[in-house]
Amino acid sequence: MAVLRCPVPSFVSDYVRVTSWERVDGFLITPGIISGKYGMLENGDLYFRDVSERDSTFSFRCHTENLITREKKISTNYSKIVVTEPHHNQPPRIIRRSTRVRANSGHRATLTCISQAHPVPVYRWHRSVGGQRILSEVDPSVRQEGGVLIFNKVSRNDAGRYSCHVSNTVGEDRADMELLVEEPLRVNLSPQELQLDVGKSALFNCSVEGHPIGSVVWKKDTRFIASNSRVQFPTPTSLQLRQLKRQDSGMYQCFVHRDSLSSQAAARLIIGGESL
């Protein structure tokens with residue numbers, strides 16, 4: 001296998017994505033292409049399967065899009081791979097690999113394990129389950145293209161540790177990596193409205209859908225809530241107030257954060273009755 005990288009300057013790489021690759025004869029390679037020869041990794045790299053001398057006769061250029069300005073560009077120069085005939089046998093040596101890949105549920109994800117070797121090596125993928133390594137299950141939404149494992153629509157069940165084992169007649173190599181699958185955060189605070197008398201106790205529960213949850217923060221009337229003798233957090237997603245006072249009335253919010261994502265829900269507490 002071989003890889004070409006799009007020449008995106010490092011100072012704009014965080015918000016510029018590679019949308020496709022164009023072969024010199026006009027053939028277009030996109031992330032979702034099903035091809036026995038070409039494919040794209042999540043970072044936009046172009047990879048080649050079963051490399052032969054003929055591959056060095058083609059040149060390629062990449063298409064990019066700025067995620068902020070939506071400006072589209074095509075690389076000025078074409079790139080090509082150089083294929084040389086090996087003069088001796090070589091055991092596999094993994095030269096490019098994933099370590100930790102984050103993907104959103106329902107989106108495409110790839111795990112990468114690309115090696116140099118002669119004779120041409122065999123790639124086998126395993127998943128670690130309960131400390132045991134098992135062959136990756138055959139799933140219609142998952143396919144292997146040599147040293148690339150492709151999840152067309154990754155799900156939470158796909159999350160875990162994977163191993164890539166590369167071997168030929170003169171040796172072997174292995175790489176371990178992790179796939180993290182994140183789901184959208186949805187937050188619900190119940191009850192949404194609670195009316196109690198002074199001296200009673202109130203309990204709010206913040207239910208969170210999505211994985212992983214991340215951190216949970218509680219606020220009252222936009223101010224952070226700290227625990228004390230009357231205010232307690234039985235769990236990170238529950239808030240209990242004892243011996244209610246009139247000043248406890250107001251709007252309570254549960255904020256859930258994960259990296260750059262966040263979601264929140266609000267509930268109202270109304271205090272009635274006479275002061276004790």
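**Close-up views of salt bridges and disulfides**

**View 1. Aspartate 248 forms a salt bridge with arginine 230, and their closest N and O atoms are 2.9 Å apart.** This pair brings together distant parts of the chain, 18 residues apart. Aspartate 248 sits in the loop between strand S23 (238-241) and strand S24 (250-258), while arginine 230 belongs to the loop between strand S21 (223-224) and strand S22 (231-232). Both aspartate 248 and arginine 230 are buried. As with every view here, please keep in mind that the model is predicted.

**View 2. Arginine 100 pairs with glutamate 178 in a salt bridge, with 3.3 Å between the closest N and O atoms.** Arginine 100 lies in strand S9 (residues 100-104) and glutamate 178 in strand S16 (residues 171-182), so this contact ties together parts that are 78 residues apart in sequence.

**View 3. Arg17, Glu65, Arg70 and Lys72 are linked in a network of salt bridges.** Within this group, take a look at arginine 70 and glutamate 65, whose closest N and O atoms are 3.4 Å apart. Glutamate 65 is buried, with 8% relative accessible area. Over the whole structure, a search finds 18 salt bridges.

**View 4. Cysteine 6 and cysteine 62 are joined by a disulfide, S to S 2.0 Å.** The torsion about their S-S bond is about 65°, so this disulfide is right-handed. Cysteine 6 is found in the loop between strand S1 (2-4) and strand S2 (16-23) and cysteine 62 in strand S6 (residues 60-66), so the pair ties together parts 56 residues apart in sequence. Cysteine 6 is buried at a relative accessible area of 10%, and cysteine 62 is buried at 1%.

**View 5. A disulfide joins cysteine 113 to cysteine 164, S to S 2.1 Å.** This link is left-handed, with -70° about the S-S bond. It connects distant parts of the chain, with cysteine 113 in strand S10 (residues 109-118) and cysteine 164 in strand S15 (residues 160-168), 51 residues apart. Both cysteine 113 and cysteine 164 are buried.

**View 6. Cysteine 206 and cysteine 254 form a disulfide, with their sulfur atoms 2.0 Å apart.** The link is left-handed, at -80° about the S-S bond. Cysteine 206 lies in strand S19 (residues 202-209) and cysteine 254 in strand S24, 48 residues apart. Cysteine 206 is buried, with a relative accessible area of 4%, and cysteine 254 counts as buried at 0% relative accessibility. The structure holds 3 disulfides, and in sequence order the bonded cysteines pair 1-2, 3-4, 5-6.

Definitions and conventions: Residues numbered from 1 in each chain as written. Predicted model: local features only at pLDDT ≥ 70, side-chain atom pairs only at ≥ 80, totals over all residues. Heavy atoms only, no water. Salt bridge = Lys/Arg side-chain N within 4 Å of Asp/Glu carboxyl O. Buried < 20%, exposed > 50% of the residue type's maximum accessible area, 1.4 Å probe, protein only. Helix = DSSP H or I, 4+ residues; strand = E, 2+ residues; numbered from the N terminus. Disulfide = S-S within 2.5 Å.
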